[in-house]
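Please examine the sequence and the model before reading on.

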Amino acid sequence: MPINVTMPRLSDTMEQGTVVKWHVKVGDKVASGQVIADIETDKATMEQAVFDEGIIAKLVCPEGKQVKVGDVIAVLAEDGESVSDAASSSGAAPATRGAASAAPAANAAAAPSATSTAARTIVADVHATDVTSGDRMRVSPLARRMASEMGVELSQVQGSGPGGRVVKRDVLLAAENRSAAVPATRGAQTAANDLVAATPSMIPAAAASAGALVHGAQSIEVPVSNMRGIIAKRLVESKQQIPHYQVTMKFSMDAVLALRGSLNEQLASMEVKLSVNDFIVRACALAMAKNPFFNASWAGDRILLHQQVNVGVAIALPEEKGGGLVVGVVKDANLKSLRQISGEIRSLGEKARTKGLSMDEMSGATFTISNLGMFGVDNFTAIINPPNSAILACGAALEQPVVRNHQLVVGWEMAATLSLDHRVIDGAMASKYLQSLKQFVEGPTMLLV
Amino acid sequence: MSAVREIEYRDALREAMSEEMRRDKRVFLLGEEVAEYNGAYKISRGMLDEFGARRVIDTPISESGFAGLAIGAAMMGLKPVVEFMSWSFSLVAADPILNNAPKMLYMSGGQFGCPVVFRGNDGAGGQLGSTHSWCVEGLYSNVPGIKIAIPSNPYDAKGLLKTAIRGSDPVFFLESERMLGNKGEVPEEEYLIPFGQAKVIRSGTDCTLASWGRPVHFCMEAAEEMQKLGISCEVIDLRTVRPLDIGTVVRSVKKTGACVVVDQSWSFGSPGSELASQVHRHCFDDLDNYVHRVHSADVPTPYATNLEQEYLPNARKIAEAVRSATYNL
């Protein structure tokens with residue numbers, strides 16, 4: 001029997017997924033556990049392995065197409081089974097499923113085909129090959145002609161055909177959106193009101209049309225990736241639902257930089273290189289252990305104090321991978337040494353930028369740190385990553401004139417800003433946490449024990 | 001005037017032959033069982049009585065012989081109509097019908113024409129097995145110099161056969177055992193249907209279905225199904241594949257942007273592949289998807305009923321192709 005490979009549910013909130021890239025093609029032999037595709041979920045792009053061995057009979061879901069969890073994305077032929085039979089017998093798109101099963105004789109008809117190389121029907125054959133070819137933008141000739149006649153910029157149209165081919169309906173839709181946007185300028189205020197009133201799930205669509213409305217017909221549309229969509233949705237939810245406020249403190253970084261220099265010198269032979277951020281992660285974790293409401297979530301009618309200190313670290317993804325950001329999680333950060341934390345963050349960063357993080361590696365943060373210090377930012381504020389109650393935004397450690405022991409001297413300073421959920425944490429508690437953090441950062445030997 | 005009468009496909013064929021025989025003394029019919037037995041499929045019923053044994057001639061089982069005889073008669077100025085009980089049997093007469101008839105005018109420098117009509121059942125008749133179920137248009141349409149008509153209904157069968165008999169070139173007239181009993185409106189008055197004129201038998205806006213012969217009916221079924229899904233199909237009955245009325249198909253595809261060609265012969269090097277190729281050429285900038293094709297499966301015709309059903313083009317396969325061509329899969 002052919003084995004259907006379905007779109008897996010890779011997170012609790014995942015309803016749809018996109019095959020970003022197939023690593024196999026029709027006819028490839030695959031072993032159990034082998035990665036066959038990269039799948040973009042609402043949170044990240046992850047590798048998808050198969051659980052059976054066999055031969056890829058059909059790639060049902062073309063690259064770039066979003067399908068529902070549970071939909072067949074590929075069909076495997078089992079050992080000894082004919083690939084073309086398996087391809088034609090199952091794995092059809094949902095709409096064809098009923099039709100295909102209504103004709104069980106279909107496979108049998110192909111059976112006497114000793115010399116036959118063609119598939120049973122041309123339609124079935126061609127689908128398999130559609131999926132495998134290169135990255136060139138695909139546009140049907142009609143869509144190309146219509147786009148040129150209607151002045152629709154093809155590079156900004158998302159294709160809905162096989163392999164992302166731009167077809168007639170996509171061009172019509174793009175033209176329609178554009179013409180809907182132009183007369184809407186008069187009602188900009190109304191649209192803005194609608195935006196506020198919209199439910200969170202409507203936000204991406206509403207925001208998109210609002211964008212077109214501001215920039216008029218000259219604006220360039222960029223299709224929204226799954227990740228961008230989810231960032232938009234979650235952060236709007238966060239900003240709308242969490243009563244944010246910010247508290248900033250400056251930290252003297254002289255001691256931590258000195259310690260870091262000396263440790264890195266000694267650890268260089270072991271290829272360990274601690275970053276300032278590693279110290280901050282450990283400091284935050286220890287401060288959380290001392291301030292339990294910083295390791296908590298608002299749960300409507302109660303507050304949950306988490307018993308595990310998991311620090312999330314925001315990781316920016318490279319533009320060529322579509323940009324965006326993910327949060328890698330260092331679990332039990334208060335129980336781990338600086339060296340361990342450093343190693344984990346480094347490997348999370350590398351994996352996030354190359355293969356993508358697993359759901360496990362992105363789950364369970366109870367506090368998040370966003371550090372733009374390496375980009376020369378002095379200070380900034382971050383949006384809380386729900387269900388956290390706080391996020392720390394770190395600027396760069398900068399050499400500047402400071403007053404020490406009533407003397408004006410040159411020292412290293414860093415500003416960090418906490419964004420807080422006022423439902424869980426009040427201002428005094430925030431100050432107390434920052435004091436704890438200051439003790440660890442300015443007396444960093446405490447971080448070693 | 002009374003309502004238009006309905007007659008069977010076989011009666012339409014007989015009327016065409018009889019009318020032309022009454023009209024032109026040069027016309028005569030020959031073939032296996034056409035005279036005494038009134039036709040293996042009762043197409044020529046009563047014709048022996050009316051026209052006598054000189055003009056309605058029973059032949060031995062020797063296709064090569066009587067096809068060659070007819071070609072000779074045509075070269076000398078007669079107008080023979082040859083009935084092949086099945087076009088599958090014409091394969092043994094390949095040399096006269098393919099190598100002589102279509103080339104005669106050319107090779108004789110215009111001295112000899114060859115106004116002969118070969119007609120008979122084409123395609124799977126129903127459990128006739130691999131050797132007796134040929135769709136010869138796949139093979140024969142490759143040859144220049146012949147005309148091929150494949151009517152799907154009694155009206156077209158009569159009008160096209162009369163045109164075939166009156167013409168001055170060899171015509172292959174492909175009927176279907178499965179359609180001989182089909183009834184359709186055929187007026188009493190005389191009419192002729194010119195070759196190379198397709199007929200739009202259902203108009204639509206989303207996808208063009210182009211076919212000929214028996215699968216036209218499957219196209220209509222599929223179009224009906226598609227309508228329920230909101231996909232509007234335009235169905236074109238080509239009626240003759242040589243000459244091929246590409247203009248009507250092109251006009252339709254320019255409107256719909258999608259095309260499914262349904263051809264009962266095998267896909268490799270077929271009238272269907274030719275039509276698809278021409279549509280790609282003439283409608284390149286109008287197509288929203290490649291031209292989809294539905295053919296018989298690329299295997300010898302199976303004997304078992306269920307397999308034969310599945311082997312042939314059918315409404316389900318056509319519907320699937322339409323959904324794919326219009327991105328509705």
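Reader: Which residues are buried in H9(A)?

Author: A residue is called buried if 20 or more other C-beta atoms, placed from the backbone, lie within 10 Å of its own, exposed if 12 or fewer do, and partly exposed in between. This is a predicted model, in which local features need pLDDT of at least 70, side-chain atom pairs count only at pLDDT 80 or more, and totals for chains, interfaces and linings use all residues. Residues are numbered from 1 along each chain as its sequence is written, while chains are lettered from A and ligands numbered from 1 in the order in which they are written. The buried residues of H9(A) are Asn226(A), Met227(A) and Ile231(A).

Reader: Which exposed residues does the face of H9(A) turned away from its buried side carry?

Author: Helices (H or I, at least four residues) and strands (E, at least two) are DSSP runs, numbered from the N terminus. On the face of H9(A) turned away from the buried side, the exposed residues are Lys239(A) and Gln240(A).

Reader: Against which strands do the buried residues of H9(A) pack?

Author: Contact requires that the C-beta atoms of two residues, placed from the backbone, lie within 7 Å. The strands against which the buried residues of H9(A) pack belong to chain A: S2 (16-22) and S4 (35-40).

Reader: In S4(B), what is the bridge partner of Phe28(B)?

Author: Two strands pair if DSSP finds at least two bridges between them. In chain B, strands S2 (residues 27-31) and S4 (residues 79-86) run parallel and are joined by 5 bridges. The partner of Phe28(B) in S4(B) is Pro80(B).
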